[in-house]
Amino acid sequence: AKACGMEASCPRHSDQYVEFKCRFCCSIATFFCFGHTHFCEKCHLKWVQGASRDPTKLVQKCSCGQKHAANGVTSTSEACYGCSLCRLVSKEAAPI
């Protein structure tokens, strides 16, 4: 998956299951708009409802504890969480 100038791919599953984080918070992005911005459902709804006038109001502090680009309003806030299928398989294979 090439988005926002970032190349993100899994050596095992290609780019089919690559997940990006929302630019403004730590949620998994479900929207990719304007060819450069990843949004989660919540931030996308706020954007449509008027936050586009002041996108800084969407920015939230990190809540996931993972290492990633800082949440923000510029392209430097775009980040990839990696392959969701690999993550799922590794959790299923972990001992209980």
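**Salt bridges and burial**

Mentor: Glu78 and Arg23 form a salt bridge, with their closest N and O atoms 2.8 Å apart. This is a predicted model, in which local features need pLDDT of at least 70 and side-chain atom pairs count only at pLDDT 80 or more, while totals for chains, interfaces and linings use all residues. Residues are numbered from 1 along each chain as its sequence is written, and side-chain values use heavy atoms, with hydrogens and water left out.

Trainee: What makes Glu19 and Arg87 a link between parts of the chain?
Mentor: Their side chains meet in a salt bridge at 2.2 Å, N to O. Glu19 lies in strand β3 (residues 18–20) and Arg87 in helix α2 (residues 84–93), so the pair ties together parts 68 residues apart in sequence; helices (H or I, at least four residues) and strands (E, at least two) are DSSP runs, numbered from the N terminus.

Trainee: How do you know whether Glu19 is buried or exposed?
Mentor: Buried means under 20% relative accessible area, exposed over 50%, and partly exposed in between (1.4 Å probe, protein chains only). Glu19, at 19%, is therefore buried, whereas Arg87, at 28%, is partly exposed.

How values were computed
A salt bridge is a side-chain nitrogen of Lys or Arg within 4 Å of a carboxyl oxygen of Asp or Glu.
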